[in-house]
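Here is a brisk report on one complex. Please look at the sequence and the structure first.

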Amino acid sequence: MNLGDLAPQDLTRRLRGPGVMLRTGPFVSRIWTDMPIMERGLSLLYADYPVEDDRGFADFHVSVMRPRSLRRWFQPQAQLLYDHQALFEPLPLDQALPMFEWGMNWAVGTMANQFLILHAATLERNGRVVIMPAPPGSGKSTLCAGLACRGWRLMSDEMALITLDDGLVVPLARPVSLKNKSIEVMTRFAPDAVFSEPAEETHKGTVALMRAPRDSVARKRDPARPAWIVFPNYLPGAETSLAPRSKAATFMEMGENAFNYSVHGRRGFDVLAGILDSCACYDFRYSDLDHAVQVFSSLASEA
Amino acid sequence: MDLPADLLTPVLRDPTAIRSLRDADWDLLVRQGRESGLLGRVHHRLAEAGLLDSVPEAPRRHLEAEWSLAEKQWRDVRWEVECLRRNLAVTGVPIFLLKGAAYVLTGLPSGRGRLFGDVDLMVPRTALPEVEKELTLAGWRFDPDLDPYDDHYYRTWTHQIPPLTHFLRHTCVDVHHTIVPETARVDVNAKKLRDAARAVDGSEDLYVLAPADMVLHSAVHLFNEGQFERGLRDLTDLDLLMSRFAAEDAEFWSRLVARASELDLQRPLFYCLRYCRLILGTEVPEQARRDIARAVPVGGGHRWLMDLLFTRALRPHHHSCRTAASGAALWLLYVRSHYLRMPLRLLLPHLWRKAFRGIKKGDATADVEGYTT
Amino acid sequence: MRLPRRFQLTHHLSRRLWDGECVVYDDQSGDTHHLDPLATSALLLFAAAPLSDKELAARMAELLEAPEDNELLDWCQRTIFRFRMTNLVAEVEI
């Protein structure tokens, strides 16, 4: 059963009672909220995700609640709790949904040490995965959303989960977080895509979440082998260009920005080195999303 | 009154207890274990008992994940000690490793599956200025926000200098000159500890305390210092230490009791034996229990009070194991720990200040920015 | 006469070479280092045998078909310093 199949009253009952057991990729999260804005957001973005038995085992325990302070009467806020403990300072009410996503990232990034977790978007086509690590502002999420709407399977927007045994990428398709101008770019690029209400004045500016394509969500159990590492860089007015980059430098950049490279010691080194062995590494500059997607298509069709 | 479900302690006591757990129990056990810093230790206990395969896959991944983290910290502790050793070599000062670092460097089971905070070491008091100087030259720094009150508090009322953090590795080291506060009502002679200490294998400048002293130090730390966030973990350290030492040395228990009396630490040892046995089922021979009970005349009322406080303070550090009474118990034990170290006339203003500083905003919650892009 | 100070690779290293560059993992410190092609060459020479600064300069000169001058010796000494600071080589105990 998927979240979208629950009757609205049943969803509310679960969110305020035993929690909704939401499966995203390899994880089940127990989610509580007493906020209608969160309930609407979950129904919009997570309708295609399986809901499991609430008597089962959950990997993570996340709630978004109205803080019990006087302030809630004149300036409504949302507070993220992990297993009953406040994770961040409360934020304005309309940021509840992005904050929930940050909380889910936090849970994976701090606890899922059964994986090597790289800070990167990952997409798959014809059984091969492109890993896109990049700092904020590089246009990584825009490109990731663009590819996900043009035949690439979305595997992750923020965190690439790598198995330690065989160096495969495990899918964790969740909503793609888009910021500022890229929200408008994407609504034009993919008129059929579904977006959450933009949350304004977050510490990242305006943030909206794009629902992950249904096929990507459905293929939650298909891992795939990485074939390319591409560092995107959005540069207004730039010609599209794909240039090879140093593997050793790529290793260092990915290791430094990974969530838990150091946790795994020699094993982490071996797994990451194995990925570098099997991947072609590129710097990618773009300004036009359509053209960018074409370049990726030709990459995927190469033998 | 029924206390809420503590699933963690029974598993630490007897790993086969996992056989009766359902999925919903694992859901709670994993959280209790993580919050108490004991999930890696649960992994270690289950692996030793050959029971890992009986753990359902989803919770088992959490045990393995936390074990990876514990193994990383185990390596980090070894490296930090190596850095300390290299940087202090010029001084010729012997380094006495305490607590977690000692367990790791001597390969004790209490060093495995454990999360570490600081590296604790002890040097002779007279060597403190030299050690402090060498460490600051090698990149260790005092907290820049340390105010003169805190600095004064550490140096006057505790048995260590303020914690030092390395500016590159961000690791933290606590340099002690004895194992209980200098002014504490329990007076421990640091020289006696150093004289009995043993060299770490293959090293000329690293030492660890003798087995009995290691247990006594860990016991003093747990029962006199009033910090219980990691109380259950520290109790399992004691359980593992004593079980290992008793297996290696038939005379261990009598040596332990004799040493406690020599160092005037019978009371913490009494609590250690009592609560290890009550909570974790540690096998303590009757003779040792009788000897220590005789040395610590405790009235029924006192014993009742201490049982009440410690059995609450030593529950898993998780909201499911907290009651209104456990908050009170923790506060009472905290006040007690200060009373053991400071005269009452000095204690009252200190606690006043602590309570006042406690309302400052922010430590528990992080800024959202660290986890997003 | 004083023997020259020699340095050897520490024992706990893993390394990967890509296009002449090297990434080295030190299992003792948990640190990972990135070496450019020249530093990689020096590391590989240390992997073959313990070397003093002058010996390293001589090997590098042979390898690069370059004169064994003060500039090269200076580079070797700085490289040895960096390697020692990062725990990649240690002095051979005599």
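The face of α9(A) turned away from its buried side carries the exposed residues D290(A), H291(A), S298(A) and S301(A). Helices (H or I, at least four residues) and strands (E, at least two) are DSSP runs, numbered from the N terminus.

This is a predicted model: local features need pLDDT of at least 70, side-chain atom pairs count only at pLDDT 80 or more, and totals for chains, interfaces and linings use all residues. Residues are numbered from 1 along each chain as its sequence is written, while chains are lettered from A and ligands numbered from 1 in the order in which they are written.

In α9(A), the buried residues are L289(A), A292(A) and F296(A). They cover an arc of only 60° around the axis (taken from the directions from the axis to the C-beta atoms), so they sit on the same side of α9(A). Their cover includes these elements of chain A:

| Element | Residues |
|---|---|
| α4(A) | 140–148 |
| α5(A) | 181–189 |
| β18(A) | 280–286 |

Between chains, 30 residues of chain A are in contact with 25 residues of chain B. Contact means C-beta atoms, placed from the backbone, within 7 Å. Helix α3 (residues 96–111) of chain A gives the most to that side of chain A, with 6 residues.

In chain B, G33(B) lies in helix α2 (residues 23–35). G33(B) counts as buried because it has 27 C-beta neighbours inside 10 Å.

Terms used:
A residue is buried if 20 or more other C-beta atoms lie within 10 Å of its own, exposed if 12 or fewer, and partly exposed in between; C-beta atoms are placed from the backbone. Two residues are in contact if their C-beta atoms, placed from the backbone, lie within 7 Å.
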